[in-house]
Amino acid sequence: MPHEPNVVRPPLDHVDRVLVAALVADGRTPNVALAQQAGVAPSTCLARVDSLRRRGVLRGIHADVDLAAVGRPLQAMIAVRLRAHVREQVELFRRTAPAIPGVITVFHVSGGDDYLMHVAVADSDALRDFVLEHLTGHPAVGHTETSLIFEQLRGTTPVVPVTRAR
């Protein structure tokens, strides 16, 4: 389910928060272990996780891949500024950028740049080719600036704080 800014979703209760936190920590946690952590029956746990998916809270479970192990050890953040801020150009970039080989994530941001792209490639030649082939020639792109990523650290605090309702 895509993000819908005007949709009001019911708030997460304690059980929802425990389930989300457990799945963020390890998306492969078995249902029985999830149920035990949340203090509910396994059947209730399955129903709650399904509800979180249907409500768009859980959008997917993803693998944390060692990019070097799959032949893409060089990571970069590429700041992209569009030529014009018109809907057609924004939509063209939004539609095409995530499908470019090597793109991990595309962020639409505020400030001097319009997008940040997290990419992973084999080496500096591949990064140069990525920018030249996919960005500088893109009809919506006016400017790019590339920053190499030396180290990536995953956050350690829970995305959803687990608190008891009072």
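Student: Which residue in the turn of the hairpin formed by β2 and β3 has a positive phi?

Tutor: This is a predicted model, in which local features need pLDDT of at least 70, side-chain atom pairs count only at pLDDT 80 or more, and totals for chains, interfaces and linings use all residues. Residues are numbered from 1 along each chain as its sequence is written, and side-chain values use heavy atoms, with hydrogens and water left out. Strands (E, at least two residues) and helices (H or I, at least four) are DSSP runs numbered from the N terminus. Between β2 and β3 of the hairpin lie 6 residues, and the one in the turn with a positive phi, of about 105 degrees, is Gly111.

Student: How many bridges join β2 to β3?

Tutor: Strands of a sheet pair through backbone hydrogen bonds, either parallel or antiparallel. Two strands count as paired here if DSSP finds at least two bridges between them. Phe107 stands opposite Leu116 in β3. β2 and β3 run antiparallel, and the number of bridges joining them is 5.

Student: Which strands stand at the edges of the sheet?

Tutor: The open sheet has 4 strands in the order β2-β3-β1-β4, with antiparallel pairing. Two of the strands have a single partner each, so one side of each is left without a neighbour in the sheet; these are β2 and β4.

Student: How many of the 9 residues of β1 are buried?

Tutor: Buried means under 20% relative accessible area, exposed over 50%, and partly exposed in between, with a 1.4 Å probe and protein chains only. By this criterion β1 is mostly covered, and the number of its buried residues is 7.

Student: Why are the buried residues of α5 on the same side of the helix?

Tutor: The buried residues of α5, which spans residues 124-136, are Leu127, Phe130, Val131 and Leu135. The arc is taken from the directions from the helix axis to the C-beta atoms. These residues lie on the same side of α5 because they cover an arc of only 95 degrees.

Student: Which exposed residues does the face of α5 turned away from its buried side carry?

Tutor: The buried residues of α5 pack against β1, α4, β2, β3 and β4, where contact means heavy atoms within 4.5 Å. The face turned away from that buried side carries the exposed residues Leu132 and Glu133.
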